[in-house]
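Hi,

Here is the structure I promised to pass on to you. Have a look at it first, and then read on for my notes.

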Amino acid sequence: QVQLVESGGGSVQAGGSLRLSCTASRYTYCMGWFRQAPGKGREGIVATYTDDGRTYYADAVKGRFTISRDNANNTLYLHMNSLKPEDTAMYFCAAPSGGSCHNFNEYNMWGQGTQVTVSS
């Protein structure tokens, strides 16, 4: 089991930027970011392989969100730019215990989440 801890959420105006962090308790071959807006289901937005850096972005965030990593500290960052009100959600870091990194259905280990609120 991997423990995941997110930080960095907050409130920002539309067009602004935020950076989220996720630190894992140990190495994991794959990590991802999900979000859940009020009244909606949880959606996967980014998935990345730790070793070779292959990264997959959902269409909703492609071109605005990017990731970076500090593998020595098992930390993944989500850089969110050009934020929109529709990006308002609870953001979760997650990892799968097996399977394909870009299959969001494989993820079964979750952080507690961090809130992002974007005002217009």
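**A buried threonine to start with**

T28 is buried, because its relative accessible area is 7%, under the 20% cut-off for that class. Please keep in mind that this is a predicted model. As for its place in the chain, T28 is found in the loop that joins β3 (18-24) to β4 (30-36). Which residues does T28 contact, leaving aside its neighbours within four places in sequence? They are V2, T50, A95 and P96.

**The overall picture**

The protein has eleven strands and zero helices, so its radius of gyration can be set beside that strand count: the value is 13 Å, close to the 14 Å that the globule rule gives for 120 residues, and the protein is therefore as compact as a globular protein of that length. Along the principal axes, the C-alpha atoms fill a box of roughly 40 × 30 × 25 Å.

Of the 120 residues, 44% count as buried. If you take the contacts between residues at least 6 apart in sequence, 55% of them join residues at least 24 apart. The exposed surface comes to about 5800 Å², and carbon and sulfur atoms supply 46% of that area. On the charge side, there are 10 positive and 9 negative charges, and their mean positions are 3 Å apart.

**Aromatic pairs**

How many aromatic pairs are there? The count comes to seven. One of the pairs is Y49 with Y56: their ring centres are 6.4 Å apart and their planes stand at 70°, so this pair is edge-to-face, since planes over 60 degrees apart fall in that class. Y49 is buried, with a relative accessible area of 13%, whereas Y56 counts as partly exposed at 30%.

F104 and Y107 make a tilted pair, with 6.0 Å from centre to centre and 40° between the planes. Here, too, the accessibilities are worth noting: F104 is partly exposed, with a relative accessible area of 25%, while Y107 is buried at 6%. Both rings belong to a cluster in which ring pairs link F34, F92, F104, Y107 and W110.

Another residue to look at is F65, which sits in strand β7 (residues 65-70). Is F65 buried or exposed? F65 is buried, with a relative accessible area of 1%. Neighbours within four places in sequence aside, its contacts are R35, I45, Y57, L78, H79, M80, N81, L83, D87 and Y91. For a sense of distance, F65 and N105 are 40 residues apart in sequence, and their C-alpha atoms are 21 Å apart in space.

**The end of the chain**

S120 lies in the segment after β11 (114-119). With a relative accessible area of 84%, S120 is exposed. Not counting residues up to four places away in sequence, S120 still touches A14 and P85.

**Two positive phi angles**

N74 has a phi near 50°, which is a positive value in a residue other than glycine. N74 lies in the loop between β7 and β8 (75-80), and at 21% relative accessibility it counts as partly exposed, as the cut-off for buried is under 20%.

S82 also has a phi near 50°, again a positive value in a residue other than glycine. Where is S82 found? S82 is in the loop between β8 and β9 (89-96). S82 is partly exposed, with a relative accessible area of 42%.

That is what I have for now.

Terms used:
Residues numbered from 1 in each chain as written. Predicted model: local features only at pLDDT ≥ 70, side-chain atom pairs only at ≥ 80, totals over all residues. Heavy atoms only, no water. Helix = DSSP H or I, 4+ residues; strand = E, 2+ residues; numbered from the N terminus. Buried < 20%, exposed > 50% of the residue type's maximum accessible area, 1.4 Å probe, protein only. Contact = heavy atoms within 4.5 Å. Rg over C-alpha atoms; globule rule 2.2 N^0.38 Å. Areas by Shrake-Rupley, 256 points an atom, 1.4 Å probe, with all protein chains shown as cover. Lys, Arg positive; Asp, Glu negative; His and termini not counted. Charge placed at Lys NZ, Arg CZ, Asp CG, Glu CD. Phe/Tyr/Trp six-rings, centres within 6.5 Å; stacked < 30°, edge-to-face > 60°.
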